[in-house]
Number of protein chains: 2
Amino acid sequence: MKVGVLGPRGTYSEIAAWSHFRGRAEMVLYPTISDVVEAVARGEVDAGVIPVESLREGSVGESLDALTWADVKIKEEIVMPITHALLGVRGARMERITQVLSHPQAIAQCREFLRQHLPLVEVVEMGSTARAAEQVSKLGQPHIAAIGPKMLAKIYGLQVLKDNIQSGEKNITRFLLIAKEDSRRTGNDKTSIVFYTANDRPGILYEILGEFASRKINLTKIESRPSKKALGDYLFFIDLEGHREDRKVKEALRGVESKTAMLRVLGSYPKRF
Amino acid sequence: MKVGVLGPRGTYSEIAAWSHFRGRAEMVLYPTISDVVEAVARGEVDAGVIPVESLREGSVGESLDALTWADVKIKEEIVMPITHALLGVRGARMERITQVLSHPQAIAQCREFLRQHLPLVEVVEMGSTARAAEQVSKLGQPHIAAIGPKMLAKIYGLQVLKDNIQSGEKNITRFLLIAKEDSRRTGNDKTSIVFYTANDRPGILYEILGEFASRKINLTKIESRPSKKALGDYLFFIDLEGHREDRKVKEALRGVESKTAMLRVLGSYPKRF
């Protein structure tokens, strides 16, 4: 089975895909999230894993945009906490580290650890935690370390000098597994939809939500996004509890369709979050 | 006047603040968005500029989280399209460039330009476009260029070799100017609120939106975010048309307050978007 993910080797998407498939899939790397979605739509890969929202950074606009129009379905959601480790070459020791490479966000999350344990270290910002690990591996110096997910140690032949060095809450990230078909009904499902009202008159969203409220369908996410066609035009993304084959979900979606200019069901899948 | 922004020199936030204040403010750089918000709350700076959403990347979770609890108000919204330029040292010429430094996202946005005009160039990923410009300036080599907003040329003493090199739609970003007080009523205003229902029963959001719909108050943004206290608990962020001092907005907010466990008015400000 071939699974498309955002490259380079070791992105959070690849790590999420690894943890989901437990090694029983071949990863194919793409330069952008849209490229992953298009590769799934073309059938070049059997599935794709893309990030959709993280506690810290919010929704991933590029993923929502790519899903809106592509011929793919959401088959699963994958929820993963992102933790960071200090990674060095084999034989390196934490006390000897004088330079640390990482992405600015990971550095910010581990600032407390650095302040306490490596106050004199030189910090170098890189484009991604994966690039930082790759660079440390290439340089092969025992005094240079990277900060990033522990899994990067496996990918780039590094050693975990210290795990779980981020402070504050974990940055839980939700990924979507996309494929040509969504999932069968399990009885505990979610359905993602996107719609466009072509009309921002007050109350249209209220009327649409009424289709769900009147049927006691719970919404787990709602988000508006400018449609890019014109400022002030909005797309709405909603996750709801239930499968698109459930009778009351079916009825509600029929109601929504009658009130909107465009409705797409992005897929039904087992609820994990 | 002192204005706090996310550092290092030349971030999109700083550029937005520059374009808003047209040089009539002293910029103070902070390492994270939360630090900017806290500096405003403490009165260390008179105002702050933070990113809140971009067309491409969606909402900035860290900004929404920081605003939820801080003792600051939204005073203005600043809308800025982010465009990219190829920047080199003085005397550099585009045809001679062999290495380009930038943030992965900017590189992705300018891939078409690179493919067409600099197909053999070596691309090096950096932690931010500002860092890339800084590095080019430091190295001082005529064959090395950075990709980033044109304003970086001024900040780092570089020359614009080619402007507007991104492809596809512009990445419009919305920033918020925050201060201790929000803005007076102008007659064409927006108000941002955040609330927490402590109750995910189906229909509660519908009932809340009814407070606005029944008064014909238009919503320009709605977004749910996990509250971080427990998975499945949500905060809702809504932007609505009108000032918090408008009679019908006042009434609606009173209605929302009676239905929620927490309601905060983040501020009223002139509508620009």
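The dialogue below walks through how to read this predicted model, one feature at a time.

Q: Where do I start with the labels and the model?

A: Residues are numbered from 1 along each chain as its sequence is written, while chains are lettered from A and ligands numbered from 1 in the order in which they are written. This is a predicted model, in which local features need pLDDT of at least 70, side-chain atom pairs count only at pLDDT 80 or more, and totals for chains, interfaces and linings use all residues.

Q: What is the mean pLDDT of chain A, and which elements have the lowest and the highest values?

A: pLDDT is the predictor's confidence in each residue, from 0 to 100. Where it is low, the predicted coordinates should not be read in detail. For chain A the mean pLDDT is 91, with 95% of its residues at 70 or more. Among the elements of chain A, β4(A) has the lowest mean, 74, and strand β6 (residues 85-88) the highest, 98. For the complex, the predictor gives an ipTM of 0.74 and a pTM of 0.81.

Q: How many helices and strands does chain A have?

A: Helices (H or I, at least four residues) and strands (E, at least two) are DSSP runs, numbered from the N terminus. Chain A has nine helices and 15 strands. Its C-alpha trace spans about 65 × 40 × 35 Å along its principal axes.

Q: Which domains make up chain A?

A: Domain bounds come from an automatic or database domain assignment. Here, chain A is divided into domain 1 (2-81 + 172-178), domain 2 (85-162) and domain 3 (191-270). The C-alpha centres of domains 1 and 3 of chain A lie 23 Å apart. Their contact takes ten residues from domain 1 and eleven residues from domain 3; two residues are in contact if their C-beta atoms, placed from the backbone, lie within 7 Å. On the domain 1 side, α3 (61-69) and β5 (73-82) of chain A each supply at least two residues, and β5(A) gives the most, with five.

Q: What share of chain A is buried?

A: A residue is buried if 20 or more other C-beta atoms lie within 10 Å of its own, exposed if 12 or fewer, and partly exposed in between, with C-beta atoms placed from the backbone. Buried residues make up 51% of the 273 residues in chain A.

Q: Is helix α1 of chain A mostly covered or mostly open?

A: Helix α1 (residues 12-21) of chain A is mostly covered, with seven of its ten residues buried. Those buried residues are A:Tyr12, A:Ser13, A:Glu14, A:Ile15, A:Ala16, A:Ala17 and A:Trp18. Their cover includes β1 (2-6), β2 (26-30) and β11 (171-179) of chain A. After α1(A) comes A:Arg22, which has a positive phi, near 45 degrees.

Q: Why does A:Asn218 count as partly exposed?

A: A:Asn218 has 18 C-beta neighbours inside 10 Å, so it counts as partly exposed. This residue lies in the loop between α8 and β13 of chain A. A:Asn218 and A:Gly242 are 24 residues apart in sequence and 8.4 Å apart in space, C-alpha to C-alpha.

Q: Which way do the residues of strand β6 of chain B point?

A: In a regular strand the side chains alternate between the two faces of the sheet. In β6 (residues 85-88) of chain B, B:Ala85 and B:Leu87 point one way, B:Leu86 and B:Gly88 the other way, and all are buried. Strands pair if DSSP finds at least two bridges between them. Three bridges join β6(B) to β9 (residues 144-148) of chain B, antiparallel, and three bridges join β6(B) to β10 (residues 159-162) of chain B, also antiparallel. B:Leu87 stands opposite B:Ala146 in β9(B) and opposite B:Val160 in β10(B).

Q: How many residues does each chain give to the contact between A and B?

A: The contact takes 42 residues from chain A and 42 from chain B. On the chain A side, β13(A) gives the most, with seven residues. By class, that side has 18 nonpolar, twelve polar and twelve charged residues. Here Ala, Val, Leu, Ile, Met, Phe, Trp, Tyr, Cys and Pro count as nonpolar, Asp, Glu, Lys and Arg as charged, and the others, Gly among them, as polar.

Q: What rotation superposes chain A on chain B?

A: Copies are superposed by least squares on the C-alpha atoms of residues with pLDDT of at least 70 in both. A rotation of 180 degrees with 0.0 Å of shift along its axis superposes chain A on chain B, with an RMSD of 0.0 Å. The two copies are thus related as by a two-fold rotation axis. Of the interface residues of chain A, 100% are also interface residues in chain B, so the copies meet through the same surface.
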